Amino acid sequence: MTETQARQSCDLLIEAGYVVPVEPHAVVLENHAVAVKDGVIVAILPTNEARARFEAKETVSRPEAALIPGLVNAHAHNPMTLLRGVADDLPLKVWLQEHIWPVEGAVIGPDFVADGVTLAIAEMLRGGTTCVNENYFFPDVQAATYKKHGFRARVGLPVIDFPTAWAKSDDEYFDRAGEVHDQWRHDALIATAFAPHAPYTVSDENFERVRMLADQLDVPVHLHLHETAQEVAQSQEKHGQRPFARMDRLGLVNDRLIAVHMTQLTPAEIALCAERGVSVVHCPESNLKLASGFCPACALQRAGVNLAIGTDGAASNNDLDMFGETRTAAILAKAVADDAAGFDAFSALRAATLGGAKAMGFDHLIGSIEDGKQADLVCVDLSALETQPLHHAVSQLIYATGRHQVSDVWIAGKPKLRGRELVGMDVAGIVANARQWRDRIAAVGR
């Protein structure tokens, strides 16, 4: 038998100067390769051994790059890329109620959602993000758009206590949610979650329906919670208890809950998050820009709470840059905790990958580079002068790397970015389309 015949076949072999698997924690594998077959990781081993063992249909060699799991944006409103910069430098309630909601009321519809998601997918892929936890209207259109481009997503099924272009009544929100869930329940890339907007926009009765259906359908609940001090104060005035306590009373504080923002937390609330298996999504740049407060990331981490990172929407961030978001999360956590050793680089990368996957219920599929997981992978070129000299790969990834250094992206083993060029996406067309939406949105305010 010849050497070639003895070698195993695989579809893709990615050779990297540094493979950062995330699991096990705080490990960097130098001069390693990852073998992929049928969209699944089948081996992680030293490059010279990989070349001897595998006959690959395609080999991608990146000796000066780090190979990491695809970044997971655990909270986004991606159709709102088309509202980027519409209403900046305003507090949350004014920004949302006096500017964003009126504009959305004038332009929102299936085309707006499809075009906004397409723009977001292109931006996220160029920044190394391969999976998103989505929260917006027209989830049917969102799901179809993500599927069209082979992008992994958990799409929120919206619930809010007033009519929108998506639904006019409580029953219609839930009926349409059921239809979308049924359509996508067996898809390999797309899943659903309930997305009640926030405690101040959803009634007890609707939260109880969400809890019952989430249990029945075995899906997460994706919720803005404790975003501002004002939200907490208003809840105490209206309901006689803090929003988190109200969610607990309604049976929602459990391992299905994806609690976003969480800037206002007591030690007892942090302990209960840990006890019940709640996942917390830290969105530092949106919280900073809207002056919403500071998520106590180090305290949550010390308590054993699963932490994820999200960009929030491009209307309040104003980008979908998970490298920038993760750097801000790591640095801000240290300042809030007064602990320079807190939320270190490895922990930050874990939150941006496996933490997000776990929050979304995808950690059996993605979030780390392990045998049997989906090949959602990202190569980051560390050869640029901005990341030299290279003493510690993960330190550079978190504290020095920009999203422009992402060279290659795969989702389920399929190339989505190759040598900084998007695969199968018309960049000029996407930009032109965004500009016509700019003109339509600008006309709303005239």
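**Aromatic residues and the nonpolar core**

Guide: Tyr146 is a buried residue, its relative accessible area being 0%; buried means under 20% relative accessible area, exposed over 50%, and partly exposed in between, with a 1.4 Å probe and protein chains only. The model is predicted: local features need pLDDT of at least 70 and side-chain atom pairs count only at pLDDT 80 or more, while totals for chains, interfaces and linings use all residues. Residues are numbered from 1 along each chain as its sequence is written, and side-chain values use heavy atoms, with hydrogens and water left out.

Tyr146 belongs to the largest nonpolar core, which has 114 residues; together with Trp95, Phe112, Phe194 and Phe343, Tyr146 touches the most other members. Such a core is a set of buried Ala, Val, Leu, Ile, Met, Phe, Trp, Tyr and Cys residues joined through side-chain atoms within 4.5 Å. Helix α4 (residues 110-126) gives the most to this core, contributing ten residues; helices (H or I, at least four residues) and strands (E, at least two) are DSSP runs numbered from the N terminus. Because domain 1 (8-69 + 374-412) and domain 2 (71-360) both give residues to the core, it lies between them. These domain bounds come from an automatic or database domain assignment.

Phe343 illustrates the surroundings of one such member. Leaving aside residues up to four places away in sequence, Phe343 touches Cys298, Gln301, Leu307, Ala329, Ala330, Ala333, Lys334, Ala348, Ala351 and Tyr399, contact meaning heavy atoms within 4.5 Å. A second, separate core has 15 residues, among them Ile14, Ala16, Ile41 and Val60.

The aromatic pairs come next. The structure holds six of them; rings of Phe, Tyr and Trp (its six-membered ring) pair if their centres lie within 6.5 Å, and planes under 30 degrees apart count as stacked, over 60 as edge-to-face and the rest as tilted. The Phe138 and Trp166 pair is edge-to-face, because the ring centres are 5.5 Å apart and the planes stand at 70°. This pair links distant parts of the chain, 28 residues apart: Phe138 is in the loop between β6 (129-134) and α5 (139-148), and Trp166 is in the loop between β7 (152-159) and α6 (170-184). Phe138 and Trp166 are both buried. Tyr146 itself pairs with Phe151 in a tilted arrangement, with 5.8 Å from centre to centre and 35° between the planes. Phe151 likewise counts as buried, at 0% relative accessibility.

Arg176 lies over the face of Trp166, at 3.7 Å from the ring centre, where a charge sits over a ring if NZ of Lys or CZ of Arg is within 6 Å of the ring centre and within 35 degrees of the ring normal. Lys93 is placed over the face of Tyr200, at 4.7 Å from the ring centre.

Helix α6 also holds Asp170. Asp170 counts as partly exposed, at 35% relative accessibility. Its contacts, not counting residues up to four places away in sequence, are Ile160, Asp161, Asn206 and Arg209.

Finally, the two domains can be viewed as a whole. Their centres, taken over C-alpha atoms, are separated by 29 Å. The contact takes 25 residues from domain 1 and 30 residues from domain 2.
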